[in-house]
Amino acid sequence: MRNGIGGMKKGNDQKRDQVQRVITELAAIGEDITYEQAEAMMDSMQQLVTLVINQYFRKSLLRENTSSTNI
């Protein structure tokens, strides 16, 4: 099982490292936040990026469908 529990552990370690980097970067500019706040901020940004990507593809498909019906 290559992508089983070990894969999840790597993902959790990667997320923990990313959250810690956010905390460190913000601390460098004088902003102190908790681990939970940084984690929530990253989750919110990930959701926002997902929404933007979905909207991009939705608009792209609409343009494609519109242009193919105009032929």
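Modeller: The model is a predicted one. Its chain has two helices and zero strands. Of the 71 residues, 8% count as buried. The accessible surface of the chain is about 6,400 Å², and carbon and sulfur atoms account for 56% of that surface.

The structure holds three salt bridges. One of them is formed by the side chains of Arg 16 and Asp 13, at 2.5 Å from N to O. Arg 16 and Asp 13 are three residues apart in helix H1, which covers residues 5–28, so about one helical turn separates them. Arg 16 counts as partly exposed because its relative accessibility is 42%. Asp 13 has a relative accessible area of 26% and is also partly exposed.

Lys 15 takes part in a salt bridge with Glu 39, with an N to O distance of 4.0 Å. This pair links distant parts of the chain, since Lys 15 is in helix H1 and Glu 39 is in helix H2, 24 residues apart. Glu 39 is partly exposed, at 25% relative accessibility. For Lys 15 the relative accessible area is 31%, so this residue is partly exposed as well.

Lys 15 also forms a salt bridge with Asp 43, where the closest N and O atoms are 3.1 Å apart. Because Lys 15 lies in helix H1 and Asp 43 in helix H2, this pair ties together parts that are 28 residues apart in sequence. Asp 43 has 28% relative accessibility and counts as partly exposed. Through salt bridges that share partners, Lys 15, Glu 39 and Asp 43 are joined into one network.

Helix H2 spans residues 35–69 and also contains Ile 53. Ile 53 belongs to a nonpolar patch on the surface together with Val 49, Tyr 56 and Phe 57. The accessible area of these four residues together is about 410 Å². Ile 53 itself counts as partly exposed, because its relative accessibility is 41%.

The patch also includes two aromatic residues, Tyr 56 and Phe 57. A search of the whole structure finds one aromatic pair. In that pair, the ring centres of Tyr 56 and Phe 57 are 5.2 Å apart and the ring planes stand at 80 degrees, so the arrangement is edge-to-face.

Methods: Residues are numbered from 1 along each chain as its sequence is written. This is a predicted model: local features need pLDDT of at least 70, side-chain atom pairs count only at pLDDT 80 or more; totals for chains, interfaces and linings use all residues. Side-chain values use heavy atoms; hydrogens and water are left out. Patches are made of residues with over 30% relative accessible area and no salt bridge: like charges are joined within 9 Å, nonpolar side chains (Val, Leu, Ile, Met, Phe, Trp, Tyr) within 5 Å. Accessible areas come from the Shrake-Rupley method with a 1.4 Å probe; for residues, only the protein chains shown count as cover. Helices (H or I, at least four residues) and strands (E, at least two) are DSSP runs, numbered from the N terminus. Buried means under 20% relative accessible area, exposed over 50%, partly exposed in between (1.4 Å probe, protein chains only). Rings of Phe, Tyr and Trp (its six-membered ring) pair if their centres lie within 6.5 Å; planes under 30 degrees apart count as stacked, over 60 as edge-to-face and the rest as tilted.
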